[in-house]
Amino acid sequence: MRAEFAHEQAQTYLRQRNRFAVLAGVLSLTTLVSLGAAVTRDEQVVLVPITAERITVSSGGIDAPYLELVTRDTALMLLNRAPESLDYWMANILKLADPAAHGRLKAELVRIVEEQRGSDISQAFVIAEMHVDPKALTSTATGTLKTFVGAQVIASQRRSFRFRWSKRGLSLALAGFEQLPTDKEEPGQ
């Protein structure tokens, strides 16, 4: 009787050992496949052609230099426009838009396009300084906004523009922008 009981116990332990051995084999194989994928995976680097810095994006947050470069390019694209390029201008700004802000941004851009289409009015923005806040995902570009009619400059004013950003995963998207009041202007004018 004891021999049968001991035999049953030994068989139970043997089955249990075999299950653990299979589980260990599966886990080892999964680990090897994961390590192989990690070793052979390409490093993802955001390339900005006009910088000597090597910039990467991680899920940990946005670096100030990256936010500054994105703001610079967005400000120049958004604030430099001519009637001949309005459709291209609007399409490319909307590519940067956060899906949640897409409709609101498009409405603002359509209003600008309707005002400017068919005119000889162009504008150019020359950045003088920039401030970024990677934690709040905001940035401010300050510089000279020049307005042209044909080739003649009709206005040249120092202006500041605030950009709001949103981050989803590794993507940075434009959530909104606004012109800030100058020292001479009261808010709401």
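Leaving aside its neighbours within four places in sequence, which residues is T71 in contact with? In this predicted model, local features need pLDDT of at least 70 and side-chain atom pairs count only at pLDDT 80 or more, while totals for chains, interfaces and linings use all residues. Residues are numbered from 1 along each chain as its sequence is written, and side-chain values use heavy atoms, with hydrogens and water left out.

Back to T71: with those neighbours set aside, the residue touches M130, S139, F163 and W165, where contact means heavy atoms within 4.5 Å. T71 sits in helix α2; helices (H or I, at least four residues) and strands (E, at least two) are DSSP runs, numbered from the N terminus. T71 counts as buried because its relative accessibility is 0%, the cut-off for buried being under 20% relative accessible area with a 1.4 Å probe, protein chains only. A polar atom of the T71 side chain lies 2.7 Å from the backbone oxygen of L67.

Next comes the largest nonpolar core, which has 29 residues. Such a core is a set of buried Ala, Val, Leu, Ile, Met, Phe, Trp, Tyr and Cys residues joined through side-chain atoms within 4.5 Å. Among the residues with the most contacts inside it are F163, W165 and L172. Helix α2 gives the largest share of this core, 6 residues. L172, leaving aside neighbours within four places in sequence, touches I62, Y66, L67, V70, L137, W165 and S166.

As for α3, its buried residues include W89 and I93, and the buried residues of this helix pack against α2, α4 and β4.

Note on methods. Buried means under 20% relative accessible area, exposed over 50%, partly exposed in between (1.4 Å probe, protein chains only). A polar contact is a pair of N or O atoms within 3.5 Å; within protein, one must be able to donate a hydrogen and the other to accept it, and residues adjacent in sequence count only if both atoms are side-chain atoms.
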